[in-house]
Amino acid sequence: MNSQGNKTTAHNRKAGRKRERRGQKLRILCYVILTGLCCFCIWRLETGRDRSREKPTQSHKVIFSLDSLSSKYAVLMDGETGKVLEEKNGREKIYPASMTKLMTALVAVEHTENWDAVIEIPKEIFARLYMEHASLAGFEPGEKVSPEDLLYGMLLPSGAECCTVYAMWLAGDEETFVEWMNEKAAELGMENTHFVNTSGLHDAQHYSTAEDIAVLMCQCLQNETLRSVLSADICQTGSTPQHPQGLALESTLFQAVAEHSSLTEKLEEMKGAGAVLLGGKTGYTSQAGLCLASFANVDGKEYILVTAGAEGNHYTAPLHIEDALALYRQIAEMN
């Protein structure tokens, strides 16, 4: 081969190596771009899931600004779908106070097999409850009651003795029953909740969020027994030697409405707008503030509202109930 041919061959080899290097660079560039696109898509998917829990979707119409409520924490939920519609610090830590009794009641109902049982109220439970200033339904030591009496007693007048007795009857002791409560919370996806007792007495390790309590309330309302109890304004127990005429168990929610003329007026205004307060469970400790898990029907659609952290106590203006009535009325007026 002559010298000219050798030069041509060398040139072709050099050009081939250049093309091969360019091809390698192109393949690497394509791989980097595709990898970046995949990572971006995964990131968008995951953040989209997070945002769906934290905020309404862009297509959702804002119903009412919860920022105007007196309560520091609030979650408005669609009662049929369980979707959070609006929230105000809804995933921040709260002390649930007596809203805890919703979980106590749910676990109690799910574990009760004999509704005809006769349960005696033990004397020894009262010393601790008196010392901790727990709210009581009014049952007396030695009184024999039914599971249904205890259920109404814990949810209407918020009786702590009913929670303790029910827990002991089913689980043998309150500690074991509380373990069941935490297991149920995990089952429901209440990731930011931990229970220490059955009644909601304050403990730094007994906490939840408004969103988790809304999830719990939604679950309770799917149970016909609990829906019936939470909707009642009063229940009369059967006759016992301690209460020959039976014991009147009144809802703390509806009792507060009846005792405050301003609330009665707001309730009527709410009805006039097309909204009906169906029921709920109040709560209060000095650390938790005034709390309320309620549900209402507005123009044929059911809503759940959980609020916590309103200022006041049992003797001040019931800001937690005022918040609920105002919100349900606003929803009705905007529909």
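Predicted model: local features only at pLDDT ≥ 70, side-chain atom pairs only at ≥ 80, totals over all residues.
How many bridges join strand β8 (residues 289–298) to β9, and in which sense do the two run?

1. Residues are numbered from 1 along each chain as its sequence is written, and side-chain values use heavy atoms, with hydrogens and water left out.

2. Strands β8 and β9 run antiparallel and are joined by 8 bridges; strands here are DSSP runs of E with at least two residues, helices are runs of H or I with at least four, and both are numbered from the N terminus. Two strands count as paired if DSSP finds at least two bridges between them. Within this pair, A296 stands opposite Y303 in β9, and F295 stands opposite I304. The hairpin of β8 and β9 has 2 residues between the strands, and D299 takes a positive phi near 50° there.

3. On another side of β9, strand β1 (residues 73–78) pairs with β9 in the antiparallel sense over 6 bridges, with L76 opposite L305. Of the 10 residues of β9 (residues 301–310), 9 are buried, so the strand is largely enclosed by the rest of the structure; buried means under 20% relative accessible area, with a 1.4 Å probe and protein chains only.

4. Strand β7 (residues 275–285) pairs with β8 in the antiparallel sense over 10 bridges, and a hairpin of 3 residues joins the two. Y284 stands opposite L290 in β8, and 8 of the 11 residues of β7 are buried.

5. Together these strands belong to an open sheet of 5 strands in the order β2-β1-β9-β8-β7, with antiparallel pairing. Because β2 (84–88) and β7 stand at the edges, each with a single partner strand, one side of each is left without a neighbour in the sheet.

6. Turning to the helices, α2 (residues 101–111) and α4 (residues 147–155) pack at an angle of about 165°, with their axes 9 Å apart; axes are lines fitted to C-alpha atoms over the stretch in contact, and angles run from 0 to 180 degrees between N-to-C directions. That makes α2 roughly antiparallel to α4, a term for angles over 145 degrees. In this contact (heavy atoms within 4.5 Å), K101, L102, T104, A105 and V109 in α2 meet L151, M154 and L155 in α4.

Methods. Parallel < 35°, antiparallel > 145°, perpendicular 65-115°, else oblique. Buried < 20%, exposed > 50% of the residue type's maximum accessible area, 1.4 Å probe, protein only.
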